[in-house]
Amino acid sequence: MGVRIKPIYDAGDLVPDDLMIELIRERLSVSDTSEGFILDGFPRTVAQAEALDRMLEEIDRELLAVLYFQVPDELAVERLHVRALQEGRTDDTPEIIRHRLEVFHKRTEPVVEYYRSKGILVGIHAERPIDAVFAEVQEVLETASTR
C-alpha cells in the first residue's frame, strides 16, 4: 500500500479516502492498538471523518479527543522548509508546502468544524516553543485517557 500512497503524498495531494480508510482499518486491527491509538494527520476530509466514525463504531472504539495544531501559514512554511533541509525531505519544497496548505484550507479545515460540533476538538496553539506544545499535548492525552 505504501507504494501506492507515496507518489500521491510526495506531490502534496491527499491520499484517496478509500485507501486511507483501508490503511487505518488495517492498522487498528493490530493488537498493539487495543489500549489506545493516536492518528497523526488523519482524517483530512469530512468524508474520511465520517468513514472513521463508522469504522470505529463497527469495531467498538471511539475518539476521545481530536487535536488541532494551530499555526499561521507562513510559520508552517518556514518550519517545513527547515525540516526539509534537516532531513533531506523531497516532499517539503516551498511549492509543495504551499500546495499542501491550499489543500488543507479547502479540504481539511471543514474537519475542524466537524469535530468541534462533536465536542472533542482541542485547539493547540502550535506557534509556541516545542516544549510548551508538547506539554499541552501530553496533558490533553492524559486527560482524555482517564475518561
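Welcome! This structure holds eleven salt bridges, a salt bridge being a side-chain nitrogen of Lys or Arg within 4 Å of a carboxyl oxygen of Asp or Glu. The model is predicted, so local features need pLDDT of at least 70 and side-chain atom pairs count only at pLDDT 80 or more, while totals for chains, interfaces and linings use all residues. Residues are numbered from 1 along each chain as its sequence is written, and side-chain values use heavy atoms, with hydrogens and water left out.

**Helix α2 with helix α3**

- The axes of α2 (residues 17-28) and α3 (residues 46-58) come within 10 Å and cross at roughly 30°; helices are DSSP runs (H or I, at least four residues), numbered from the N terminus, and axes are lines fitted to C-alpha atoms over the stretch in contact, with angles from 0 to 180 degrees between N-to-C directions.
- α2 and α3 are therefore roughly parallel to each other (angles under 35 degrees).

- Glutamate 58 and arginine 25 meet through their side chains in a salt bridge, 3.0 Å from N to O.
- This pair links distant parts of the chain, with glutamate 58 in helix α3 and arginine 25 in helix α2, 33 residues apart.
- Glutamate 58 is exposed, at 56% relative accessible area, whereas arginine 25 is partly exposed at 37% (buried means under 20%, exposed over 50%, partly exposed in between, with a 1.4 Å probe and protein chains only).

**Within helix α5**

- Arginine 116 and glutamate 113 form a salt bridge at 3.2 Å, N to O.
- Both lie in helix α5, three residues apart, about one turn of the helix.

Notes:
Helices (H or I, at least four residues) and strands (E, at least two) are DSSP runs, numbered from the N terminus. Angles under 35 degrees count as roughly parallel, over 145 as roughly antiparallel, 65 to 115 as roughly perpendicular and the rest as oblique.
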